[in-house]
Amino acid sequence: MLRWIAARRRTVLTTSKADETDIEPGLRDIPELSMITLRINGTKRDLEVDTRTTLLDALREHLGLTGTKKGCDHGQCGACTVLVNGRRINSCLTLAVMHEDDEIVTIEDLGEPGHLHPLQAAFVECDGFQCGYCTSGQICSAVGMLAEAAAGWPSHATADVSSSQIALTDEEIRERMSGNVCRCAAYPNIVAAIRVVAEGGPT
Amino acid sequence: MIGQALNRVDGPLKVTGGATYAYEFRDGDQPLYGFVVGATIGRGRITGIDTTRVESSPGVHLVLTHQNAPAQGARDLSVPFEYWRAYPTLSSPDVHHHGEPVALVVAATFEQARTAANLVDVEYAAEQGSYDFAACQDQAYAPESLIFGIPADTAVGDVDAGLRTAEVQVDEWYTTPYEFSQPMEPPACLVVPDGDDLVVYTSCQIVDAARASIAATLELDPERVHVVTQYVGGGFGSKLRIHGETILAAMAARALQRPVKVALTRQQMFSSVSVRPTSSQRVRLGAERDGRLVAIAHEVTMHTNRHVEFIEPTATATRSLYAAPNRLTSTRLVPLDVLRGEDVRAPGEAPGLLVVESAVDELAHALGMDPVELRIRNEPTVDPERGVPYSDRHLVECLRDGADRFGWERRLPEPARRRDGRWLVGYGVAAAIRVHLQGPTKAAVRLGPDGIAVVESDMTDIGTGTYTILTQVAAEGLGLPPDRVRVELGRSEFPPSVGSGGSWGAGNSSTAVHHACTALREKLLAAASSDVRSPLHGLDTAGAVFSGGSVSIDGASEALGEIVTRNCPEGLEAEGETVLLTEEPNYGAYAIHTYGAHFAEVGVDADTAEIRLRRMLGVFSVGRVLNAKTARSQLIGGMIWGVSQALAEEGVVDMRSGGFVNRDLAQYLVPVHADIPEIDAVMLDGFDDKANVLGVKGLGELGICGAGAAVANAVFNATGVRVRDFPITIEKVLPGLPLTEV
Ligand code: FES
Ligand code: FES
């Protein structure tokens, strides 16, 4: 895949200074930089990234958007969850260069102190976090999850998978949020916060 | 104000991604990225490191190994607490455990550093290591003492004689596994060189310890080390001390005179930080038919790394828990070549109460007695080993209140009798007790002419709510609305504290801030009453009331900001502090603890033995509560740790290398949303006047204490199967499941 990406992108620089024969097979083409444009939080951002850079590291290390967190860097914790074209993904499991035409939304775009997104407000009110490190991921995931449920996508906890209406019970919320680990174990409060918003509570 | 369920003052920042954690700071030049290379053997020596391929790898600036790392200070055992001692890294070719750093590769980008790290060629002369805890029991030795000089072994009366005369006995062995803290934020650090100084942004629980440890390791004047820790993505013991990531980043930053960032990967966390020792524990209980205990013995053996001794105080809670005339506790260590043990949430109580409170349930079953009643029957009047009174013990109230709220009377005493569809349903109870500690902590409070109070301490907020509770304490102490208080934490320039750990952070820092506010009030009153321009001039300050940002005496009143503006426009400041518990007479005169009772309902699938927690309640006595919301969250979080300890967490050692095989979050199981149902925590009203002036005790670890035992006891009540080898997993329960009708 990397080879394919390298071919597709305009390669601007090869920084390899080692003798070609010294380099591990498969690594030969890797240290290449690509100029890409990402559409993040409604703004176009140009950046030059190593083709191996994950979307997560592009956000955190290149664009200063550190609200998205790195908990495991391999898809096991959900701390890095962002919305890509409205769907939640683990940004550590995807490369920045794969997202040139996508609409990316991070926690920074959902709200800010004083103007919180309803989920952000509910997390504060329900104390849906302690250390706060999983929180951006939980909230972005919840945004995506509520949209999936509204669209009638069933889950493992859905009693009638043929129904187009999902009753967002606590069990449904828990099942659908299980990709987001919280080691502070704020789970009951996170579910309460999501429930408030799912039920159209205070916004 | 104190006690109210105020929302976290840092909440809006945390939910918008605006709270800055260590790795996220930008300071000075574009940082370089370090990637750690870990040893692939558990014991032996490095005989050669070839870094030529690494050095020519794209973007690489530096490869640090023991061959070129600077000389470092040694771990000095005369420094009383481990977290303040040096942490030499890459200091010799010797390997002390699997995964120990053997190199740091620093490159322009993270990707380059990670790729290059794979090219480090290390040759080892491996030696046969001891990795098998069970097989090395014959090497167990008795340590000199536990932390704070607490004796490793204690004995009262004659346990063997007591057991012989007891009408009913329990004598069982239990084992608990290696467990890891695994906070969501990995250990991470950015070090920025500034002339001869180092600015260290690191994720730590104790700023003063981080500074001291860095300075001792790099042989620097501590004044040259500036630590910044604004937000910490969870600690659970793993960040009490700094580890290789911080030392390596500091060495590289100094060598390159460039900012360097290092974070451990999730996998590396399993080979370098914060493992709870594995243990084997024998519990012997002897009781009369009426349930009164005549003997309690709790003998604990745990692993320690051969080179760095670490002891969990696993049997200490047993010393204060129940009355019995004959008692014994002991602690033994088995030296292995496995990662050194470190404090993991509720060190000691967590594995100790898991076991002892399981054994008490076994005794209740043997006696045919309700386990709540059995515990109440053995309530001591004074601490049974020390003979001193309890400061404020409410265990019985916790048990009774919890039993009421939980509907404990619906429990069927005979196991495996309650069915709900395919589920065998059981109830379990366990007691919680956790020692209350105090350590030296300072805080300064400064009131500006704008009438805003700024609290400063190097104390940390690791998710515990420090920013919020100190806001409340200062607001109450000065009669200010909370939005007129700003709390600044986590900088080594601020007055030093012993940080967050041992559940002492809240008690220490709130008491220090309270004292600072008291002193500041005196200063304000002295300034006003001696100032002819003040409406309070000449008035008797004894009846002064601070409220709404003003102080009033007999109807005359003045805004605090006015007093400051006139008398000291740069602001008026006062300090408060707490001292180490050994200097506090109450710690000798009383047994000071927090208490609780856990009630759990589990379902066990009658065919597959899948275990599901169905609901859980904890009732706690913690003295005075500083913030009802954050306190409840911490207790619930702790309870979930207990659930996880009973049912999931277990680090498995590879007997060939001494490394942990299940080193990620897919294989080292921690609870996810779907594992956790409705859980509630209730706190009794309280005030422990022996603990401190605010009546406050810590609760960050109480929630886990005994929680796992309540779950284990519920599994027994559901199935009749008693698993003594934690965690309780399907394959251990399945063979004992009762036959069910088809
Ligand atoms: S950092 Fe992406 S899932 Fe953990
Ligand atoms: S709030 Fe700390 S990990 Fe979720």
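In this predicted model, the side chains of Arg88(A) and Glu148(A) meet in a salt bridge, with N to O at 2.8 Å. One salt bridge is the count between domain 1 and domain 2 of chain A. Polar contacts there come to nine residue pairs, with both residues at pLDDT 80 or more.

**Between the domains of chain A**

Domain 1 of chain A spans 33-110, and domain 2 of chain A spans 118-198. Their C-alpha centres lie 22 Å apart. Each side brings 17 residues to the contact.

On the domain 1 side, strand 4 (81-84), strand 5 (87-90) and helix 3 of chain A each give two or more residues. Strand 4 of chain A gives the most, with three. By class, this side has six nonpolar, six polar and five charged residues.

**His117(A)**

His117(A) sits in the loop between helix 3 (107-110) and helix 4 (118-126) of chain A. Its side chain reaches the backbone nitrogen of Leu119(A) at 2.9 Å. Neighbours within four places in sequence aside, His117(A) is in contact with Leu110(A), Gly111(A) and Val143(A).

**Between chain A and chain B**

Here 62 residues of chain A are in contact with 66 residues of chain B. Glu61(A), Gln130(A) and Arg183(A) supply 17% of the area that chain A buries against chain B, more than any other three residues.

Seven salt bridges cross this interface. One of them joins the side chains of Glu678(B) and Arg174(A), at 3.9 Å from N to O.

Several helices of chain A give two or more residues to the side that touches chain B, among them helix 2 (55-62), helix 5 (135-150) and helix 6 (170-176). Helix 7 of chain A gives the most, with six residues. The residues of this side divide into 23 nonpolar, 19 polar and 20 charged.

**Buried areas**

The size of an interface is often given as the accessible area lost when the parts come together. The table lists both interfaces.

| Parts | Buried area | Given by carbon and sulfur atoms |
|---|---|---|
| Domain 1 of chain A and domain 2 of chain A | about 1,400 Å² | 56% |
| Chain A and chain B | about 5,000 Å² | 55% |

Definitions and conventions: Residues numbered from 1 in each chain as written. Chains lettered and ligands numbered in written order. Predicted model: local features only at pLDDT ≥ 70, side-chain atom pairs only at ≥ 80, totals over all residues. Heavy atoms only, no water. Helix = DSSP H or I, 4+ residues; strand = E, 2+ residues; numbered from the N terminus. Polar contact = N/O pair within 3.5 Å; in protein donor to acceptor, adjacent residues only side chain to side chain. Contact = heavy atoms within 4.5 Å. Domains from an automatic or database assignment. Buried area = accessible area lost by both parts, 1.4 Å probe. Salt bridge = Lys/Arg side-chain N within 4 Å of Asp/Glu carboxyl O. Nonpolar A, V, L, I, M, F, W, Y, C, P; charged D, E, K, R; others polar.
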